[in-house]
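Here is a short briefing on one protein model. Keep the structure open while you read the points.

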Amino acid sequence: MKRLTILEAETLAGKFRSEIGLSQYEPVNAKTQLRKLNITTMYRPLSDNSYGISCRSKSGKKFILVNSNSTRGRQHFTIAHELYHLFYDENPSPHICQGVATGEEKNANMFASALLLPREGILSMIDKDEIIHSKIKLATVLRMEQMYQVSRSNLLLRLKELGLMTESQVKSFQAIQVKESAREYGYELSLYEAGNEGLVIGDFGEKARLLYESGKISEGHYIELLNMITDGQGRGVRASRSGGHT
Ligand SMILES: [Zn+2]
């Protein structure tokens, strides 16, 4: 497994954007893209700290399972993370990721971050004064997270990665109550809340219905079911508990 640099992850994400017909500015509408890419996606409750599972069948069919207990912003990141596994993971093998973001998990996180929060788009939303004085305002942070539909922590990490925020600035933003601040600025709060439970995107057959109907079960069981869906041919089934970008 090759460990990607930030630049490589950005180049890969930029290329992916071009391939799905998006500019380097506009937000990714996850549900629209999942439909266009024909990826069967289900939103089901998973246990805490498990964000998603993806798998690919030999025939090329792709599936994603998203934890509907995580916030919508976090779900968006999970989908982008799973897209990396589905399209770029060089050595997909069944496993459950264990908390710490290393190896392909780290690559998937960097790709997800660059895909959802493109450098050009982010820069276009920051005032020149904010750049000159190295101080991004809360109003700008809110505008960006709402525009790109990501969690506050995903955005802050990306701003730090791009050299637009220092560690101590990130820390002071982390002390701010996310929902409270969004409410004060008049934003809709659904981004910061769980949701989509039971939602299914794409055509799904009889076998997939098993998964849909299975309710709240262990990740191990989900993996078994996903393997059934792909007739045991799943080339990569994994649960992501990617740390770092929560
Ligand atoms: Zn992963």
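L83 sits in helix α3. Helices (H or I, at least four residues) and strands (E, at least two) are DSSP runs, numbered from the N terminus. L83 counts as buried because it has 26 C-beta neighbours inside 10 Å. The cut-offs are these: a residue is buried if 20 or more other C-beta atoms lie within 10 Å of its own, exposed if 12 or fewer, and partly exposed in between, with C-beta atoms placed from the backbone. L83 and I64 lie 19 residues apart in sequence, and their C-alpha atoms are 8.6 Å apart in space.

This is a predicted model: local features need pLDDT of at least 70, side-chain atom pairs count only at pLDDT 80 or more, and totals for chains, interfaces and linings use all residues. Residues are numbered from 1 along each chain as its sequence is written.

**Overall make-up**

- The protein has twelve helices and six strands.
- Of its 246 residues, 40% are buried.
- Two residues are in contact if their C-beta atoms, placed from the backbone, lie within 7 Å.
- Among contacts between residues at least 6 apart in sequence, 72% join residues at least 24 apart.

- Two packed helices are described by the angle between their axes and the distance between the axes.
- Axes here are lines fitted to C-alpha atoms, for helices over the stretch in contact, and angles run from 0 to 180 degrees between N-to-C directions.
- The axes of α3 and α4 come within 8 Å and cross at roughly 120°.
- That angle makes α3 oblique to α4; angles under 35 degrees count as roughly parallel, over 145 as roughly antiparallel, 65 to 115 as roughly perpendicular and the rest as oblique.
- The crossing of α3 past α4 is right-handed. A crossing is left-handed if the near helix is turned anticlockwise from the far one by less than a right angle, and right-handed if clockwise.
- From α3, the contact takes in H76, F77, A80, H81, Y84 and H85; from α4, it takes in N107, A108, N109, F111, A112, L115 and L116.
- The residues of this contact of α3 with α4 divide into eight nonpolar, five polar and no charged. Ala, Val, Leu, Ile, Met, Phe, Trp, Tyr, Cys and Pro count as nonpolar, Asp, Glu, Lys and Arg as charged, and the others, Gly among them, as polar.

**α1 against α4**

- Helix α1 (residues 6-19) packs on α4 at an angle of about 55°, with the axes 8 Å apart.
- α1 is therefore oblique to α4.
- α1 passes α4 in a right-handed crossing.
- I6, A9, E10, L12, A13, F16 and R17 of α1 meet N107, M110, F111, A114 and L115 of α4.
- The contact of α1 with α4 has nine nonpolar, one polar and two charged residues.

**The buried side of α7**

- Helix α7 (residues 138-148) has V141, M144, E145 and Y148 as its buried residues.
- These residues lie on the same side of α7 because they cover an arc of only 95° around the axis. The arc is that of the directions from the helix axis to the C-beta atoms.
- An α-helix has 3.6 residues a turn, so residues three or four places apart point the same way.
- The buried residues of α7 pack against α3 (72-87), α4 (103-116), α5 (119-124), α8 (152-161) and α9 (167-174).

- Q149 belongs to the loop between α7 and α8, and it is partly exposed because 19 other C-beta atoms lie within 10 Å.
- N38 also has a positive phi of about 55° and is not a glycine.
- N38 lies in the loop between α2 (30-36) and β1 (39-44), and it counts as exposed because it has 12 C-beta neighbours inside 10 Å.

**Loop residues and their partners**

- A194 is in the loop between α10 (178-184) and β5 (200-201).
- A194 counts as partly exposed, with 16 C-beta neighbours inside 10 Å.
- A194 and R72 are 122 residues apart along the chain, yet their C-alpha atoms are separated by 5.7 Å.
- Not counting residues up to four places away in sequence, A194 touches S68, N69, S70 and T71.
- N49 is in the loop between β1 and β2 (52-56).
- N49 counts as partly exposed, with 14 C-beta neighbours inside 10 Å.
- N49 and S70 are 21 residues apart in sequence and 8.6 Å apart in space, C-alpha to C-alpha.
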